[in-house]
Amino acid sequence: MAGFLKKLMPRRFRRDGVTIPAVRLHGTIMAGGGQFRPVLNLATVAPLLEKAFSVKEAPAVAISVNSPGGSPVQSRLIYQRIRDLASEKKKRVLIFVEDVAASGGYMIALAGDEIIADPTSIVGSIGVVSGGFGFPELLKKIGVERRVYTAGENKVVLDPFQPEKQRDVEFLKSLQLEIHDTFIQMVKARRGSLLADDPDIFTGLFWTGRRGQQLGLVDGLGDMRGEVRKRYGDKARLELIQPARSLFGRRQPGAAVAGEIATPLVAAAAAGLMEAIEERALWSRFGL
């Protein structure tokens with residue numbers, strides 16, 4: 001009878017092994033996104049993190065990271081939320097790198113008390129990049145005249161429909177240097193003396209997980225299931241924390257989707273196409 005009642009209990013409440021909540025943070029890091037093009041941002045991942053860190057009996061939370069980067073703001077916000085919850089709930093954070101944790105993806109990985117990567121994964125890319133398109137010649141060819149009226153001489157800085165100005169580029173680079181410095185200070189604060197004395201670490205280069213371990217960017221090589229069992233015993237199990245489902249069984253999207261309802265269809269399609277191109281470019285940079 002006791003055995004039967006035990007089976008009815010949620011597995012995390014049984015005393016036959018440790019349960020470690022696991023969260024998958026997979027995708028590009030952007031403020032937007034939607035139900036059909038999910039991305040990582042604080043709004044979409046915060047509920048999962050809250051739920052994972054609320055498992056009282058768990059000594060740690062395992063987080064799988066697979067991201068080529070994206071928004072530095074959302075990356076840092078996700079990083080900070082993980083660290084805040086770890087401190088508040090007094091839990092160890094184990095980060096596991098799958099295909100790639102680069103740029104903003106690596107910034108999130110820094111939230112781990114330990115970072116374990118697959119030997120063939122990609123880590124690093126500690127730098128800042130901005131990209132876009134310029135269309136001034138296209139407007140001339142199709143006979144369209146660009147008319148812009150501003151109050152403030154810098155309101156059209158980096159306008160893609162006007163010729164690029166050196167002053168605008170220098171201003172953008174100054175912003176990038178500030179963001180890059182913030183990223184560097186985060187890496188130094190979290191990795192400290194573990195970092196190798198290598199001048200290439202902060203240049204934006206990226207490496208395999210094996211080389212990343214030699215550089216001090218990751219602590220070990222392995223996978224989530226193997227590491228959890230090695231640390232907490234053969235009976236330890238992972239409990240995947242997933243988004244809540246709606247009444248009709250679909251995964252509920254993050255809060256960022258709400259504003260899309262009022263967006264005109266054509267504008268939304270154009271914006272979605274540009275975001276998809278940007279997203280594809282992020283993955284392609286690492287051969288994925």
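**Entry 1: the whole chain**

What percentage of the 288 residues in the chain do buried residues make up? I looked this up first, in what is a predicted model. Buried residues account for 38% of the 288 residues. I then went through the secondary structure and recorded nine helices and eight strands in the chain. Among contacts between residues at least 6 apart in sequence, 71% join residues at least 24 apart.

**Entry 2: the nonpolar cores**

I turned next to the largest nonpolar core, which has 41 residues. Within this core, Leu25, Ile63, Ile82 and Tyr106 touch the most other members. I asked which elements supply at least two residues each. They are strand 1 (19-26), helix 2 (42-53), strand 2 (60-67), helix 3, strand 3, helix 4, strand 4 (114-117) and helix 6. Apart from this core I found another, of nine residues, with Ile20, Ala22, Met224 and Val228 among them.

Leaving aside residues up to four places away in sequence, I listed its contacts as Leu40, Val45, Ile63, Ser64, Val65, Asn66, Ile78, Ile82 and Ile108.

**Entry 3: helix 2 against helix 3**

I examined how helix 2 and helix 3 are placed. Their axes come within 10 Å and cross at roughly 15°. Angles under 35 degrees count as roughly parallel, so helix 2 is roughly parallel to helix 3. I noted the crossing of helix 2 and helix 3 as right-handed. On the helix 2 side, the contact involves Leu42, Val45, Ala46, Leu49, Glu50 and Phe53. On the helix 3 side, I recorded Gln74, Leu77, Ile78, Arg81, Ile82, Leu85, Ala86 and Lys89. The residues of this contact divide into ten nonpolar, one polar and three charged.

**Entry 4: helix 3 against helix 6**

I then followed helix 3 (residues 72-89) to helix 6 (residues 166-191), where the axes come within 12 Å and cross at roughly 25°. Helix 3 and helix 6 are therefore roughly parallel to each other.

Finally, I looked at two serines. Where does Ser103 lie? I located Ser103 in the loop between strand 3 (92-102) and helix 4 (104-109). Ser103 has a positive phi of about 55°, although it is not a glycine. Is Ser103 buried or exposed? With a relative accessible area of 15%, Ser103 is buried, because buried means under 20%. Not counting residues up to four places away in sequence, Ser103 touches Pro68, Gly69, Gly124, Ser125, Gly127 and Phe183.

Ser125, one of the residues that Ser103 touches, was my last entry. I placed Ser125 in the loop between strand 5 (122-124) and helix 5 (136-142). Its phi is near 55°, a positive value in a residue other than glycine. Ser125 is buried, with a relative accessible area of 4%.

Methods:
Residues numbered from 1 in each chain as written. Predicted model: local features only at pLDDT ≥ 70, side-chain atom pairs only at ≥ 80, totals over all residues. Heavy atoms only, no water. Axes fitted to C-alpha atoms, helices over the stretch in contact; angles between N-to-C directions. Helix = DSSP H or I, 4+ residues; strand = E, 2+ residues; numbered from the N terminus. Parallel < 35°, antiparallel > 145°, perpendicular 65-115°, else oblique. Buried < 20%, exposed > 50% of the residue type's maximum accessible area, 1.4 Å probe, protein only. Contact = heavy atoms within 4.5 Å. Core = buried A, V, L, I, M, F, W, Y, C linked by side-chain atoms within 4.5 Å. Left-handed = near helix turned anticlockwise from the far one by under 90°. Nonpolar A, V, L, I, M, F, W, Y, C, P; charged D, E, K, R; others polar.
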